[in-house]
Amino acid sequence: MEWSPLLNSRITGAALARGIATEEARAMAFLALATANAVLIFASRPLPPGWQGMFTGLSPLAVWVLVGTLAAVAAITTVPPAAAAFGFAPPSLANWLISAAAGAASLVLFIAAKVAVVSRKK
C-alpha cells in the first residue's frame, strides 16, 4: 500500500483544522514526506540484527545523500525566501519538529512492511 498520500493528507488536514495557514501546512506535509523518503535509506538495507545495526555501516554516498537531503529540506522549510519559492511558509519550531518526527517515525512502518514481506516469502 502506498501510504505517503495518507501521511500527506493527515498532516495537512490536522494542520488546517488547527487554524494553521495553508502555506505552513504545505511546508509541514513536505517536511514529513521528505523526511520519510530520507529514512528509506535505512529501511532499504538488509535486515540487521537489531535496531542499532540499521544505523551503522552506511556507505559514504548514503551519508552524503542523507545529510544533503535533510539539509536541503531544512533550508526549504525554514528560510523564508526559499520557503516562499516553493509556496511554503516556515512552520513554527514545534510544528517543524512534529512534522520531521512524523516522517522519521515512518521508518517503523517501512521496517514492519519489510519484515512482513520477508516472513511471507519463507
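The model is predicted, and its chain averages a pLDDT of 84, with 85% of the residues scoring at least 70. Of the 122 residues, 31% count as buried.

**Overall fold.** Among contacts with a separation of 6 or more, 67% join residues 24 or more positions apart.

**Confidence.** Colour the chain by pLDDT and select residues 51-54, which form helix H3; confidence is lowest there, at a mean of 66. Where pLDDT is low, the predicted coordinates should not be read in detail. Then select helix H5, residues 80-85, where confidence is highest, at 96.

**The largest nonpolar core.** Which residues make up the largest nonpolar core? Select Ala36, Ala38, Val39, Ile41, Phe42, Ala43, Ala62, Leu66, Leu107, Phe110 and Ile111, which together give a core of 11 residues. Helix H2 (22-43), H4 and helix H6 (93-121) each supply at least two of its residues, and H2 gives the most, with 6. A further core of 7 residues lies apart from it; for this one, select residues including Ala15, Ile20, Ala25 and Ala32. As a general background to both selections, nonpolar side chains in soluble globular proteins tend to be buried together.

**Threonine 77.** Next, centre the view on threonine 77, which is found in helix H4, residues 60-78. Is threonine 77 buried or exposed? Its relative accessibility is 0%, so threonine 77 counts as buried, the cut-off being under 20%. Display its side chain together with that of tryptophan 96: the two side chains make a polar contact at 2.8 Å. Leaving aside residues up to four places away in sequence, threonine 77 touches Ala27, Phe30, Leu31, Pro90, Pro91 and Trp96.

The structure holds 2 aromatic pairs. In one of them, the ring centres of phenylalanine 30 and phenylalanine 88 are 5.2 Å apart and the planes stand at 35°, so the pair is tilted. What does this pair tie together? Phenylalanine 30 lies in helix H2, whereas phenylalanine 88 lies in the loop between H5 and H6, so the pair ties together parts that are 58 residues apart in sequence. Phenylalanine 30 counts as partly exposed, at 27% relative accessibility, while phenylalanine 88 counts as buried, at 11%.

Phenylalanine 86 counts as partly exposed, with a relative accessibility of 48%. To end the tour, keep Phe30, Phe86 and Phe88 displayed together, as they form one aromatic cluster.

Terms used:
Residues are numbered from 1 along each chain as its sequence is written. This is a predicted model: local features need pLDDT of at least 70, side-chain atom pairs count only at pLDDT 80 or more; totals for chains, interfaces and linings use all residues. Side-chain values use heavy atoms; hydrogens and water are left out. Helices (H or I, at least four residues) and strands (E, at least two) are DSSP runs, numbered from the N terminus. Buried means under 20% relative accessible area, exposed over 50%, partly exposed in between (1.4 Å probe, protein chains only). A polar contact is a pair of N or O atoms within 3.5 Å; within protein, one must be able to donate a hydrogen and the other to accept it, and residues adjacent in sequence count only if both atoms are side-chain atoms. Contact means heavy atoms within 4.5 Å. A nonpolar core is a set of buried Ala, Val, Leu, Ile, Met, Phe, Trp, Tyr and Cys residues joined through side-chain atoms within 4.5 Å. pLDDT is the predictor's confidence in each residue, from 0 to 100. Rings of Phe, Tyr and Trp (its six-membered ring) pair if their centres lie within 6.5 Å; planes under 30 degrees apart count as stacked, over 60 as edge-to-face and the rest as tilted.
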